[in-house]
Structure formats: C-alpha cells, structure tokens
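Here are some notes for a colleague who is opening this structure for the first time. Please keep the sequence and the 3D view side by side while reading the numbered points.

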Amino acid sequence: MLHLFPQAFAASAAAEQPTAFEVASVKSRKPVVAEGRTGERIDSVPGSLTIRNASMGACIKWAWRVKDYQISGPSWLNDERYDIVAKAAGPVGTDELRQLLRTLLAGRFQLQVHRETKELPVYTLVAAKSGPKLHDAEPGGNTDMRGESGSFVFRGTSMPQFADNLSTLSQVDRPVLDRTGIPGTFDFSLKFGDSNDEMKSVLVVGGGPSLFTIIQEQLGLKLEARKGPVEILVIDHVERIPTEN
C-alpha cells in the first residue's frame, strides 16, 4: 500500500506542541498569473508560515503532505486563491507547522476530511530483466535529489524514496509504487542531456528519449502500468470564503 501521510506524533510529544497558531491572517485574493505562472508560494521558517496566491488544493497538499492524485474534492479547489500569514507562539518545526495549518483550515474554512484507500492506476517500479545498475550510497551521507548539468542526481536514496520522487515528475501521470524489493540506499543519477535546458526538454516538452526509457537504460529499473491501492484524502466539506480575521 502507498503510505504518504506522516506518522502521528507520540502522545507525550503532542501534548507539548501548540494546537493552533498564535496569530493568523487569512485573505481571499484574485488569482495572479505572470508569464504563464501562478506565482503560488508556500514558505516556512521555524514558527512562521507565509502562503501567497495559493489555492486551497495547494494548502491541503502542504498541510497533509499529499499529491494532487491523493485529493478528492470539489472542482474549485485549485481555482480560488488565498494569502495566509501565520505565526506560532514559538519556533516550531515544519511538521508542527503542517499540523497547525490543518487546524487553521478547519477553523477558518470549516475544512473536514477523511482518508480512504482506493484502487487507482499506478506505475510499479521493478527491476528490469537486465538487472539493476545501482551503486551503494556513501556511508553517512544525506538523502538528496537535485538537478545538476542536465541530470537528476540522487544521494542516499532508497527505492521507496525514488518511487515517491518519480511520482512528482511531469512525465509520470500516476503514483509510483516501489516493487523492486531492493533494500538499502544508493547514489545514482539520471542523465537527460548536457544542460538543464535539455533536461527540461525531456521532462516538460517531451523531446528526446522518454523518462521511462532513461530509467530502464541507465538504472536497470522499469515502470510498469498497473492498478494498486493508494491512500486518498477525501474533502467532506470546505468553504470558499474564510471567516473574518
């Protein structure tokens, strides 16, 4: 089963954390689009969260750490735009800020949700017949994914993490489930060209070899289209207009 929801806090730890932002400003706004981009931003620092020109869908995705295909709700979720500036009583971390945003959305937008598991179209990540071409990660290294000179470079990445990363790419139109059965963490890269522009051409425009081909040829892994269980966040109720500050 695909599990993308963060683990619940231990009861003792939760008791020490704030349950709501100390101050919060929530405003509806007209969508802003510049050069084909929405200008949507969600920025966090310890104890503070700033959201600009963001849809309700984006707020929900950030608060619950889910992806588009894991949200089932009204069609307007990605149309209406909001600015939210909120501060906690102290310097809490990102996980705590996500929880506080959930509380804020429930209070100001009457957001109500529940979780379900549904059978959906997925890709399963498996080893190709040629066998995987992976190198064990350097000991003590951090997990990281970054674009670098026409490549996606992965450090200290497990196969479940890699599958999760693939789910976020534009060429991958459905969730990716790890079915490789390969334990451990690895350092590897996916090379799309000699520059980031060439990489963008493959991922966004569709020029050159497909991501599926690159994964198989360079990593000895394969994406297979199937159906599988995916956790869904179902929106039971949410208001378009927030209550007043």
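1. Helices (H or I, at least four residues) and strands (E, at least two) are DSSP runs, numbered from the N terminus. Just after helix H6, Gly220 takes a positive phi of about 70 degrees. The model is a predicted one, in which local features need pLDDT of at least 70 and side-chain atom pairs count only at pLDDT 80 or more, while totals for chains, interfaces and linings use all residues. Residues are numbered from 1 along each chain as its sequence is written, and side-chain values use heavy atoms, with hydrogens and water left out.

2. Helix H6 itself covers residues 211-219, and its buried residues (under 20% relative accessible area, with exposed over 50% and partly exposed in between, for a 1.4 Å probe and protein chains only) are Leu211, Ile214, Ile215 and Leu219. These residues lie on the same side of H6, because they cover an arc of only 100 degrees around the axis, the arc being that of the directions from the helix axis to the C-beta atoms.

3. Which residues of the largest nonpolar core touch the most other members? A nonpolar core is a set of buried Ala, Val, Leu, Ile, Met, Phe, Trp, Tyr and Cys residues joined through side-chain atoms within 4.5 Å. In the largest one, which has 31 residues, they are Met56, Ile60, Leu101 and Leu105. Two or more residues each come from strand E3 (48-55), helix H2 (56-64), strand E5 (81-87), helix H3 (94-109) and strand E12 (221-237), and H2 gives the most, with 7 residues.

4. Leaving aside residues up to four places away in sequence, Met56 touches Trp76, Leu77, Glu80, Tyr82, Leu105, Phe109 and Val238, where contact means heavy atoms within 4.5 Å. There is also a second, separate core of 23 residues, which includes Met159, Phe188, Phe192 and Ile214.

5. A search of the whole structure finds 7 aromatic pairs; rings of Phe, Tyr and Trp (its six-membered ring) pair if their centres lie within 6.5 Å, and planes under 30 degrees apart count as stacked, over 60 as edge-to-face and the rest as tilted. Tyr82 and Phe109 form an edge-to-face pair, because their ring centres are 4.9 Å apart and their planes stand at 80 degrees. This pair links distant parts of the chain, with Tyr82 in strand E5 and Phe109 in helix H3, 27 residues apart, and both Tyr82 and Phe109 are buried.

6. The rings of Phe152 and Phe192 have centres 6.0 Å apart and planes at 85 degrees, so this pair is edge-to-face as well. Phe152 lies in strand E9 (residues 151-158) and Phe192 in the loop between strand E11 (185-191) and helix H5 (196-205), so the pair ties together parts that are 40 residues apart in sequence. Phe152 is buried at 12% relative accessible area, and Phe192 is buried at 8%. Ring pairs link Phe152, Phe154, Phe162, Phe188 and Phe192 into a cluster.

7. Arg65 has a positive phi of about 55 degrees; Arg65 is found in the loop between H2 and strand E4 (71-72) and is partly exposed, with a relative accessible area of 41%. Gln110 has a positive phi of about 50 degrees; Gln110 lies in the loop between H3 and strand E6 (112-127) and counts as partly exposed at 28% relative accessibility.
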